[in-house]
Amino acid sequence: MRMLSSLSLAIALVAAPAEAKTVVVTAAHMIDVLSGKRVDDPQVTIVDGRITAVGRRGDAVPAGAERIDLGNRTVLPGLIDMHVHLTSDPTISGYRTLEFTDSYWTVVGVANARRTLNAGFTTVRNVGSTDYADVGLKQGIERGEIAGPRIVPATYALGVTGGHCDATEFPPSVTVPHPQIANSPDGFRAAVRTVRKYGAEVIKVCMTGGVLSKTDSVGAQQLSYDEIKAIVDEAHMLGMRVAIHAHGADGINTGLRAGVDTIEHASLADETSFKLAKEHGAWFDMDIYNDDYILAEGARNGVFAESLEKERQIGRKQRETFRAAHAAGVKMLFGTDGGVYPNGNNALQFAKMVEWGMTPIEAIQSATSSAAQALDRTRDVGAIAVGRYGDLIAVDGDPLADVRVLEHVPFVMKGGEVVVQPTDGAR
């Protein structure tokens, strides 16, 4: 009988779940992005990586909880960048990229993932990567082998022969394999299925020409209505959303009529674009900071001369379109095109968004609650709320008064684990 009791006890000990890790975070202030208001003396309880309570300092604390007091800082949800390229390095552009082997860019992605997380961006949508490298980064991060944000990968961006997402910088004697290139509705349906098969969670499409590609007009439409509609129908059937790279109004409006979910860049959108976006519930995701970097640093980094000229033509117009779209009531997201300028400097865009018409809270919401909606991940990210991941950042000062404080983030937590610790040792 004694032996049976010992055996039962041993089985019970093996079967018992590990003790839950509980962390309680306090600070002077918190930005509640769902209400758009500042809350004083917040207390956030996180158990096994997810938020279980959001209250006020002095509320009951679970026994054995780890305490983190951030002093006079302001706490916000982890930020979300809806348009990055982690496996890109803007200091190596144009033909300079040919100096490096294909797998080098995955190594670049590892470094950029860490920089992005350290900057307070705990979730990103990676909208374009060769060799399925963004899926590899996501898997490495989820297994704890490397540090980085939560990644929503697109893998290859889909496009047409000779379009923005094709390799247009080489002569006919040089061929570059691009499995995402298609030229018919059926071809694009197959492309959607292929990238989903290998890990894509969102579909990215090059709907118009672009700035950094050679030989195409930046605003010219490159897919027909039937082609983009096939992509949208296939992706939506599979539970995936569609983001289109689109500068010109024709491509933007054709994509909106086909039911795309987000418009990337949207530089030359017009009043019809604004109307269609609101009718269809689509979002504009406009990278209005990187013009400064491209024009200042592009030539020395190897950016093609014709690309610099296209940027001169489009940069200010994009910012004017941003202001007009916001004034028209179009839903807006925070997307930087990180990789076109250095990943990790993502927060430099907040000040531009405020300069061109947003309030600070609107800019913050574009990178938190709105982004979570556009990703269809409001159960997990985008707010400090019960049930969501314990993804928190803290800043010195009041971001509602000066959004630039988000450019320097002394505290970052992802899933209840501290990633960046304040140098003053606040705990």
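Q: Which strand do four bridges join to β8, and how do the two run?
A: Strand β9, residues 121-126, is joined to β8 by four bridges, and the two run parallel. Keep in mind as you look that this is a predicted model.

Q: What is the order of the open sheet of four strands?
A: That one goes β5-β4-β1-β6, and its pairing is mixed. At the edges you'll find β5 (50-56) and β6 (66-69), which each pair on one side only. From one strand to the next, the twist averages 20°.

Q: How do β1 and β4 run, and how many bridges join them?
A: They run antiparallel, with five bridges joining β1 (residues 22-26) to β4 (residues 42-47). If you want a place to start, pick valine 23, which has isoleucine 46 in β4 standing opposite.

Q: Okay, helices next. What describes two packed helices?
A: The general idea is that you give the angle between their axes and the distance between the axes. Now try it on α4 (residues 185-197) and α5 (residues 225-237): they pack at about 30°, with their axes 8 Å apart. The crossing of α4 and α5 is right-handed.

Q: Which residues of α4 and α5 meet?
A: On the α4 side, look for Pro185, Phe188, Arg189, Val192 and Arg193. Their partners in α5 are Asp226, Glu227, Ala230, Ile231, Asp233, Glu234 and Ala235. Sort the residues of this contact by kind and you get six nonpolar, six charged and no polar.

Q: Which cysteines form a disulfide?
A: The idea is to look for cysteine sulfur atoms within 2.5 Å of each other. By this rule there is one disulfide. Cysteine 165 and cysteine 206 form it, with their sulfur atoms 1.7 Å apart.

Q: Why does the pair tie together parts that are 41 residues apart in sequence?
A: Because cysteine 165 lies in the loop between β10 (150-153) and α4, while cysteine 206 is in strand β11 (residues 202-206).

Q: Are cysteine 165 and cysteine 206 buried or exposed?
A: Both cysteine 165 and cysteine 206 are buried.

Q: Why does leucine 34 count as exposed?
A: You call a residue exposed when its relative accessible area is over 50%. Leucine 34 has 51% relative accessibility, so it counts as exposed. To find leucine 34, go to the loop between β2 (29-32) and β3 (37-40).

Q: What does leucine 34 touch, leaving out residues up to four places away in sequence?
A: Leucine 34 touches Ser369, Ala383, Ala385 and Arg388. There's also a distance to check: the C-alpha atoms of leucine 34 and glycine 382 are separated by 9.0 Å, though these residues are 348 apart along the chain.

Q: Does serine 370 count as buried or exposed, and why?
A: For buried, the cut-off is under 20% relative accessible area. Serine 370 comes out at 15% relative accessibility, so it counts as buried. Serine 370 lies in helix α12 (residues 369-375). Setting aside neighbours within four places in sequence, serine 370 is in contact with Trp283, Met332, Leu333 and Gln365.

Conventions: Residues numbered from 1 in each chain as written. Predicted model: local features only at pLDDT ≥ 70, side-chain atom pairs only at ≥ 80, totals over all residues. Heavy atoms only, no water. Axes fitted to C-alpha atoms, helices over the stretch in contact; angles between N-to-C directions. Left-handed = near helix turned anticlockwise from the far one by under 90°. Contact = heavy atoms within 4.5 Å. Nonpolar A, V, L, I, M, F, W, Y, C, P; charged D, E, K, R; others polar. Pairing = 2+ DSSP bridges. Buried < 20%, exposed > 50% of the residue type's maximum accessible area, 1.4 Å probe, protein only.
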